[in-house]
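Here are a few exercises to work through with the model open in your viewer. Try each task before you read its solution.

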Protein chains: 2
Amino acid sequence: MRREITGFSNPTVKYLRGLRDKKNRRREGKFLVEGLRLLTDARETGRVPEMLVMAKGRDAHPLLDDLERAVMIAGGEIIETSADILSKITGKENPQAVAGMFTEFDTSLQALDRDAGPIWMVAQALRDPGNLGTMLRTCDAVGAGGLILVDDCADPFSVEAVRASMGAVFTQQIGQAGWEEFIAWLRQGDGQLVAASLRDSQDYRSAPYAAPCFILVGNESRGLPEDYEMACDLRVTMPMRGRADSLNAAVAGAVLAYEVLHQLEH
Amino acid sequence: MRREITGFSNPTVKYLRGLRDKKNRRREGKFLVEGLRLLTDARETGRVPEMLVMAKGRDAHPLLDDLERAVMIAGGEIIETSADILSKITGKENPQAVAGMFTEFDTSLQALDRDAGPIWMVAQALRDPGNLGTMLRTCDAVGAGGLILVDDCADPFSVEAVRASMGAVFTQQIGQAGWEEFIAWLRQGDGQLVAASLRDSQDYRSAPYAAPCFILVGNESRGLPEDYEMACDLRVTMPMRGRADSLNAAVAGAVLAYEVLHQLEH
């Protein structure tokens with residue numbers, strides 16, 4: 001279906017604009033993705049937006065034609081509107097010429113395919129959506145199974161997280177759970193839980209990793225609670241040659257993930 | 001000197017508030033740092049703000065007392081004001097109870113001590129201040145000499161970069177230069193220039209690094225220009241097991257820096 005929207009107070013405009021707020025996303029189970037590149041990443045991994053919003057006067061682009069076609073075939077809705085209204089929806093002064101609405105994915109642990117990759121990343125109380133998206137991007141790069149968000153983390157479906165993921169939000173599995181639920185799920189099968197830690201830990205280069213390896217990274221300011229670290233099978237640490245005693249959470253996860261990848265492949 | 005400011009239109013308030021804009025920082029050569037933790041990091045590395053702004057009604061804290069004393073001894077200015085005015089200065093609804101103003105450091109290449117560390121990070125056209133601060137933090141962690149910003153990068157003295165650096169803006173040397181100037185400076189002495197690259201490159205784990213090693217990372221969307229890569233002594237690549245062909249710039253730099261650190265130390 002195709003229609004045009006010309007009014008700022010149109011209910012669809014209000015609905016889409018509302019998806020910038022986490023509580024509305026939660027209630028509706030929908031999220032917004034901006035830009036032809038991310039929407040093309042989504043399409044190439046089999047995810048087509050239910051609603052595609054395009055600014056009139058945009059430049060023609062073959063990938064945009066492909067996207068339109070995919071939305072039509074999937075029975076989705078295509079909305080043409082002004083650049084100003086698209087700007088109102090996305091909250092940006094210079095929005096990309098296209099945005100799409102998707103249904104949020106099932107993030108229950110039961111929905112995860114544990115065999116999807118030899119490495120998993122697990123973030124605990126990660127607050128920064130940019131860090132979250134960056135971790136998803138790293139997951140993709142190391143061929144991980146996915147990212148599991150433990151306790152109260154930033155929203156993986158926020159615009160910032162989706163953008164920082166560079167499309168990995170569509171290729172990586174995402175789980176969300178409290179700590180107790182996560183541990184119970186993890187211990188149902190094989191899985192080595194490895195904490196990036198400063199306590200009672202060994203050097204990250206000589207630690208014996210085993211697949212499937214779950215790399216646990218803590219909150220940006222507080223790190224991991226001690227009892228969480230103690231529940232891990234392995235605590236490893238990176239050299240710290242300067243004044244500080246920690247790395248950015250996404251950086252720590254990535255340095256560790258690349259070390260695990262190397263060991264598992266050699 | 002100690003004084004109280006009660007008016008929103010006070011010229012000092014306007015001046016400090018103006019330092020949130022890059023063009024004002026450039027003109028005045030000053031920058032703002034928020035929060036007791038960062039200001040304490042600065043003090044511990046011998047940097048004391050020229051002006052300290054404190055909100056009345058703040059909680060007492062021994063580190064704040066130390067900071068006040070250091071500012072007094074250094075002949076700086078202490079300003080007491082309301083939480084609302086501090087909020088206006090920092091642009092945050094819930095500002096930290098204290099902020100300080102510093103003179104920007106000399107970032108000319110001539111001012112850098114090349115012997116300060118065996119690893120240097122070099123960022124080209126890096127646009128995200130969070131990535132820039134994260135790279136400074138990683139520099140500190142690997143005991144680097146510093147971070148060199150080539151071409152048009154984000155401002156290392158922006159509030160976002162300073163915050164993401166977790167204090168490393170005070171411990172790491174920072175250089176700024178165009179590419180030609182950087183290369184001329186680099187080739188005046190020893191130094192291996194290593195690009196994180198996809199072209200004509202070898203695996204990052206088996207490449208022969210040598211100190212001082214300069215790790216070059218490119219712009220977030222475009223990567224490095226081809227002629228920049230070709231000017232490097234070594235081009236290395238990280239495994240990419242997923243759909244994407246690149247990592248976040250700060251992540252790529254960190255994975256590489258930790259590999260270089262390991263090789264140089266073993």
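**Exercise 1. Work out what surrounds helix H6 of chain B, and start with the residue that follows it.**

Solution. This is a predicted model, so every value here is computed from predicted coordinates.

- Step 1: B:Gly143 follows H6(B), and its phi is positive, near 70°.
- Step 2: Check the length. H6(B) covers residues 129-141, and at 1.5 Å a residue its 13 residues should span 18 Å.
- Step 3: Look at burial, taking under 20% relative accessible area as buried. Of the 13 residues in H6(B), 11 are buried, so the helix is largely enclosed by the rest of the structure. Among them are B:Leu132, B:Met135, B:Leu136 and B:Cys139, and the charged residues B:Arg137 and B:Asp140 are also on the list.

**Exercise 2. Determine how chain B is related to chain A.**

Solution. 

- Step 1: Superpose chain B on chain A. This takes a rotation of 180° with a shift of 0.0 Å along the axis, and the RMSD is 0.0 Å.
- Step 2: The two copies are thus related as by a two-fold rotation axis.
- Step 3: Compare the interface residues. Of those in chain B, 100% are also interface residues in chain A, so the copies meet through the same surface.

**Exercise 3. Classify the ring pair A:Tyr204 and B:Tyr258, then the pair B:Phe31 and B:Phe105.**

Solution. A pair of rings is described by the distance of the centres and the angle of the planes.

- Step 1: The count over all chains is 28 aromatic pairs. In one of them, A:Tyr204 and B:Tyr258 have a centre-to-centre distance of 6.2 Å and 90° between the planes, an edge-to-face arrangement.
- Step 2: This pair crosses between chains: A:Tyr204 is in the loop between strands E10 and E11 of chain A, and B:Tyr258 is in helix H11 of chain B.
- Step 3: A:Tyr204 has 3% relative accessibility and counts as buried. B:Tyr258, at 1%, counts as buried too.
- Step 4: For B:Phe31 and B:Phe105 the centres are 5.7 Å apart and the planes stand at 90°, so this pair is edge-to-face. It links distant parts of the chain, 74 residues apart, with B:Phe31 in strand E2 and B:Phe105 in the loop between E5 and E6. Both residues are buried.
- Step 5: The charged end of B:Arg47 sits over the ring of B:Phe105, 3.8 Å from its centre.

**Exercise 4. Inspect the backbone at A:Pro212, A:Ala125 and A:Asp151.**

Solution. 

- Step 1: The peptide bond between A:Ala211 and A:Pro212 is cis, with omega about -10°. A:Pro212 lies in the loop between E10 and E11 of chain A.
- Step 2: A:Ala125 is not a glycine, yet its phi is positive, about 55°. It is found in the loop between strand E6 and helix H6 of chain A, and its relative accessibility of 6% makes it buried.
- Step 3: A:Asp151 is not a glycine either, and has a positive phi of about 65°. It is in the loop between strand E7 and helix H7 of chain A. With a relative accessible area of 29%, A:Asp151 is partly exposed.

Key
Residues are numbered from 1 along each chain as its sequence is written. Chains are lettered from A and ligands numbered from 1 in the order in which they are written. This is a predicted model: local features need pLDDT of at least 70, side-chain atom pairs count only at pLDDT 80 or more; totals for chains, interfaces and linings use all residues. Side-chain values use heavy atoms; hydrogens and water are left out. Copies are superposed by least squares on the C-alpha atoms of residues with pLDDT of at least 70 in both. Contact means heavy atoms within 4.5 Å. Helices (H or I, at least four residues) and strands (E, at least two) are DSSP runs, numbered from the N terminus. The expected span of a helix is 1.5 Å times one less than its number of residues. Buried means under 20% relative accessible area, exposed over 50%, partly exposed in between (1.4 Å probe, protein chains only). Rings of Phe, Tyr and Trp (its six-membered ring) pair if their centres lie within 6.5 Å; planes under 30 degrees apart count as stacked, over 60 as edge-to-face and the rest as tilted. A charge sits over a ring if NZ of Lys or CZ of Arg is within 6 Å of the ring centre and within 35 degrees of the ring normal.
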